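This briefing concerns charged side chains and their pairing. Please consult the sequence and the structure shown below.

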Amino acid sequence: MSRPVPKPGILDIAPYVAGKSGAGLSGRVFKLSANETPFGPSPKAIEVYKTAASHLEDYPEGSSRVLREAIGRKFGLDPDRIICGAGSDEILNFLAHVYLGPGDEAIHTAHGFLVYPIATMSNGATNVIVPETDFTANVDVILKAVTPRTKLVWLANPNNPTGTYLPFDEVKRLRNGLPSHVLLVVDAAYSDYVSRNDYESGIELVATTDNTVMTRTFSKIYGLASLRIGWMYGPEHIVDAVNRIRGPFNVSTPAMLAAVAALEDTEHYEMSRTHNERWRTLLTEDIGKLGLKVTPSVGNFILIHFPLDKGKTSDEADAFLTQRGLILRALKNYKLPNSLRMTIGTEEANRLVVEALTEFMGT
Ligand SMILES: *Cc1c(COP(=O)(O)O)cnc(C)c1O
């Protein structure tokens with residue numbers, strides 16, 4: 001008997017495996033595996049969300065107008081060139097759906113975000129993975145991988161899970177080196193945490209080219225991951241095409257309103273940023289002193305590399321930390337089998353990780 005068969009490519013996709021949550025462990029658990037903020041969202045966002053609960057029977061305003069306008073005000077952008085989505089994941093999938101099909105190729109780098117291959121392959125296109133240099137995207141290597149079939153390049157800047165970034169000059173060099181019909185997707189999910197003056201989130205590149213989009217999210221510094229809300233800024237023709245396939249009510253009203261309130265709470269935002277920056281430096285130094293390599297990060301997480309010696313491996317470290325309720329992210333599916341990614345947590349969580357790693361490396 002026959003049965004429904006998925007389209008070509010679908011069963012080649014490796015299912016996305018989320019970080020451990022620590023559920024099931026007894027005692028206190030610090031989840032440092034999903035790059036969530038340790039502070040939660042702005043209290044104002046929670047308040048607005050609760051108020052929105054009294055109107056759950058109404059469909060949302062379909063274009064997320066209030067949120068697009070708030071983003072426009074905040075970043076000085078034309079709201080008509082913004083699209084909101086159920087997480088930036090949804091927008092990445094929209095872009096793949098609009099621009100990729102069988103026979104097309106999309107490029108991402110070796111330790112790129114695992115949503116990219118899913119988006120590419122679910123549209124029947126071919127996923128092309130290129131090596132990185134020092135855990136960082138290499139513009140020349142990306143450009144060398146371009147073929148007549150290339151339609152799209154995914155670039156997380158900063159990248160997850162490595163924490164590295166490309167300076168604006170390099171992103172521009174990438175854009176200028178790509179054929180003009182190739183869409184460059186700059187995924188700036190962690191841009192809020194970057195404090196380097198040679199960094200540009202993508203806004204300027206989108207504004208000055210016809211073939212680049214930037215995506216952002218409320219899941220990280222704004223602490224609204226559970227509400228699923230992200231956005232894209234792009235050229236008019238891309239916004240028009242994506243809006244044609246976007247579900248007419250893809251963002252819920254409570255999510256939209258909470259995001260507006262979160263955006264307006266600059267105090268909460270600055271507090272999170274300052275805490276993150278302080279601990280990113282401290283953790284990089286303290287963990288580095290234990291003889292572990294830490295890749296310099298500009299995000300809200302750090303990538304820790306472990307030796308291969310028995311007793312000191314990343315698997316053993318992961319087990320050791322997990323026993324103590326410290327849940328980091330193992331990265332085998334990111335082709336980083338000897339590394340763990342630690343999301344920067346509360347002061348208490350950060351200190352506990354340093355203590356545990358000190359003990360682990362000393363034993
Ligand atoms: C967390 C993350 C996102 C955000 O995803 P949402 O769907 O908006 O929650 C996007 N890109 C990268 C690289 C990320 O790590």
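Asp265 is in contact (heavy atoms within 4.5 Å) with Ser42, Pro43 and Lys44, leaving aside residues up to four places away in sequence. The model is a predicted one, in which local features need pLDDT of at least 70 and side-chain atom pairs count only at pLDDT 80 or more, while totals for chains, interfaces and linings use all residues. Residues are numbered from 1 along each chain as its sequence is written, and side-chain values use heavy atoms, with hydrogens and water left out.

**Asp265**

- Asp265 is located in the loop that separates α9 (253–264) from α10 (266–289); helices are DSSP runs of H or I with at least four residues, numbered from the N terminus.
- Asp265 is buried but takes part in no salt bridge; buried denotes under 20% relative accessible area, exposed over 50%, and partly exposed the range in between, with a 1.4 Å probe and protein chains only.
- The nearest side chain of opposite charge to Asp265 is that of Lys44, 4.1 Å away; Lys and Arg count as positive and Asp and Glu as negative, whereas His and the chain ends are not counted.
- A salt bridge requires a side-chain nitrogen of Lys or Arg within 4 Å of a carboxyl oxygen of Asp or Glu.

**Salt bridges in the whole structure**

- Side chains of opposite charge can pair when their charged atoms come close.
- The search of the whole structure identifies 15 salt bridges.
- A network of salt bridges links Asp140, Glu170 and Arg173.

**A pair between two helices**

- Arg73 and Glu264 form a salt bridge with an N to O distance of 3.6 Å.
- Because Arg73 belongs to helix α2 (residues 65–75) and Glu264 to helix α9, this pair ties together parts that are 191 residues apart in sequence.
- Arg73 and Glu264 are both exposed.

**Pairs within a helix**

- Asp240 and Arg244 are joined by a salt bridge whose closest N and O atoms are 3.0 Å apart.
- Asp240 and Arg244 lie four residues apart in helix α8 (residues 236–245), so about one helical turn separates them.
- Asp240 is partly exposed at a relative accessible area of 36%, whereas Arg244 is exposed at 64%.
- Asp286 and Lys289 form a salt bridge through their side chains, at 3.7 Å from N to O.
- Asp286 and Lys289 are three residues apart in helix α10 and therefore about one helical turn from each other.
- Asp286 is partly exposed, with 24% relative accessibility, and Lys289 is exposed, with a relative accessible area of 67%.
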